[in-house]
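Visitor: Could you walk me through a few of the helix contacts here?
Guide: Gladly; have a look at the model before we start.

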Amino acid sequence: MAFLRSHLEPVVFFAQIASSFFDTGLQMVVKQRYENTTIPGAGGEHRSIADFYMVFNILTKVVPIFPAFLLAQIGDKGYRKVPVVVPLIGYFVSRALLLLVIAFDWRVEVMYASPVVNGLCGGFSSYWPGVITLVSLSTSEEVRSLRIMRTELTYGLAGFLGSLASGHLFQLYALGHRQGFVLSCMSVVLYFVCLVYAAFILQVNTRTPSADERRDGESVGILNRDKVNIALLIAAGILYDVAVAGGVEILNVYVLVEPLSWTATQVGYGNAAGSVIFITSFLGVKLFTRCSLSDTSMIMIGMFSFLTGIYFMTFVTTTTTYYLARTLTLFALIPMPTIRSLLSKQIRGSSYGKTFTGLQLSFQFVGLATTYTYTEVYQSTLHILPGFVFTLSSIITFLAMIPISIIGCRTARQGCYERL
C-alpha cells in the first residue's frame with residue numbers, strides 16, 4: 001500500500017490503457033459511420049474521415065489553452081495533484097460520450113463535444129505536464145532524463161498492451177449487437193479508477209535538495225542557464241512536435257482507407273506497434289547513457305530515427321511495409337523527454353508547472369496550423385501520392401535537428417572553456 005501511495009506509475013499505466021481503448025473505438029466508429037453515409041469510389045470516405053479528425057484535433061488543441069495554464073499556476077502554488085486530477089475528471093466524462101454514441105446510435109459528430117469537455121478540464125496539456133512536474137520534483141538532475149524516460153516507458157507499455165487488446169475487445173457484441181460497447185465501457189471504468197486513485201490514494205512527495213546540492217546547483221546554474229539554449233530547445237521541440245503530430249494524425253486516417261483498409265484488429269495491432277517505440281526508446285536511453293553520450297547526441301539519434309521511418313512511410317502500400325517503416329522509428333520517442341529534462345535543468349522547481357505547460361501549449365498553438373495544413377496537403381495529394389505528407393514530416397524533422405546541433409556545438413565549447 002505504501003508503494004501505491006507514493007508512485008504515479010499506476011495512474012499513467014491505467015489511464016493510457018483507457019486512452020488506447022478509446023482511440024481504437026473512436027477510429028472504428030468513425031470508419032463505420034462514414035462507410036454507410038458516403039458514396040463508394042468517389043474518395044468521399046477519405047475526405048469525411050480526414051475532415052472529422054481535423055475538427056476533432058483542432059478542438060483538442062484549442063479548448064485546453066486557458067484551463068491548462070490556470071491549472072499549472074495552481075500546481076506551482078503547491079497543489080501539485082490538481083493539474084493531474086482535474087484532467088482525469090475531463091477524460092472520464094468526455095470518454096463516456098463514445099459509450100453513449102454507440103449505445104444510442106447517435107451521429108458521430110456528437111463526439112466533437114468530447115474534446116470540448118476534456119479541454120475545459122485541461123486535457124493532455126495539463127495532465128502530462130503535471131505528471132512530468134511531479135517526476136522532475138522528485139528526482140535529482142543526474143537521473144532526471146532516465147526517470148522521465150521511465151515514466152514514458154510506463155505510458156508506452158500501457159499503450160502497447162491496450163492497443164493489442166482493443167481491436168479484439170471492439171468486436172465483442174453487447175447491447176443489441178453493437179460493436180465497441182464493451183471496449184468503450186472498459187475505457188470509462190479505467191478512467192474512473194485512475195481518478196479515484198489520483199485523488200484519494202496518491203501522496204505527492206517532492207525531493208528537497210541538501211545544502212551541498214543547493215550550492216552545487218547554484219554554481220552549475222550560473223554556467224548552464226542560457227537563454228539562447230532555452231530558445232533553441234523550445235524551437236527544436238516545436239518543430240519536432242509538428243513533424244510527429246502531423247504525421248501521426250494523418251497516419252490514423254491513412255490506415256483506415258485504401259490501399260491498407262485495416263480492420264479493428266489491425267488498427268489495434270498498428271497502434272500497439274506505435275507504442276513499441278516507448279520500450280525501444282527507453283532501452284536506447286539506458287544504452288546511450290552507459291556509453292556516456294550527451295543529451296543532445298541522444299536527441300539527434302532519436303530525430304534521425306523518426307526522420308528515416310516517416311520518410312519510408314511515404315511509399316507504404318501494404319501492411320508489411322507499414323511495419324517495416326515502424327521498425328525504423330525505434331528511437332523516435334527519445335527527443336521530447338530529453339528536451340523536457342534539459343529544460344528542467346535551466347529553471348527553478350517552483351516554475352516547472354508553468355514551464356512544462358507553456359511548452360505543451362506552444363505545441364497546441366502551432367498544432368492548430370499543423371492539423372489544417374496536413375489535412376489540406378493530404379487531400380490535395382490524395383490522387384498523386386497519398387503518402388506525401390510523411391515526406392513533409394521528414395523535412396520538418398531535419399529542420400528540428402539544426403537547433404539541437406547548435407546546442408551541441410555551444411555545449412562542447414562551454415565544456416572546453418570550463419576545462420581551461
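Guide: The buried residues of helix α14 pack against α11 (227–254), α12 (264–290) and α13 (295–312), where contact means heavy atoms within 4.5 Å and helices are DSSP runs (H or I, at least four residues) numbered from the N terminus. This is a predicted model, in which local features need pLDDT of at least 70, side-chain atom pairs count only at pLDDT 80 or more, and totals for chains, interfaces and linings use all residues. Residues are numbered from 1 along each chain as its sequence is written, and side-chain values use heavy atoms, with hydrogens and water left out.

Visitor: Which residues of α14 are buried?
Guide: In α14 (residues 319–327) they are Tyr322, Ala325 and Arg326, buried being under 20% relative accessible area with a 1.4 Å probe, protein chains only. They cover an arc of only 100° around the axis, which puts them on the same side of α14; the arc is taken over directions from the helix axis to the C-beta atoms.

Visitor: Switching topic, which residues of α2 meet α7?
Guide: Val11, Val12 and Ala15 in α2 meet Tyr127, Trp128 and Val131 in α7. The residues of that contact divide into 6 nonpolar, no polar and no charged, with Ala, Val, Leu, Ile, Met, Phe, Trp, Tyr, Cys and Pro counted as nonpolar, Asp, Glu, Lys and Arg as charged, and the others, Gly among them, as polar.

Visitor: And Leu137, buried or exposed?
Guide: Leu137, which is found in helix α7, counts as buried at 14% relative accessibility. The C-alpha atoms of Leu137 and Tyr352 are separated by 8.3 Å, although these residues are 215 residues apart along the chain.

Definitions and conventions: Helix = DSSP H or I, 4+ residues; strand = E, 2+ residues; numbered from the N terminus. Buried < 20%, exposed > 50% of the residue type's maximum accessible area, 1.4 Å probe, protein only.
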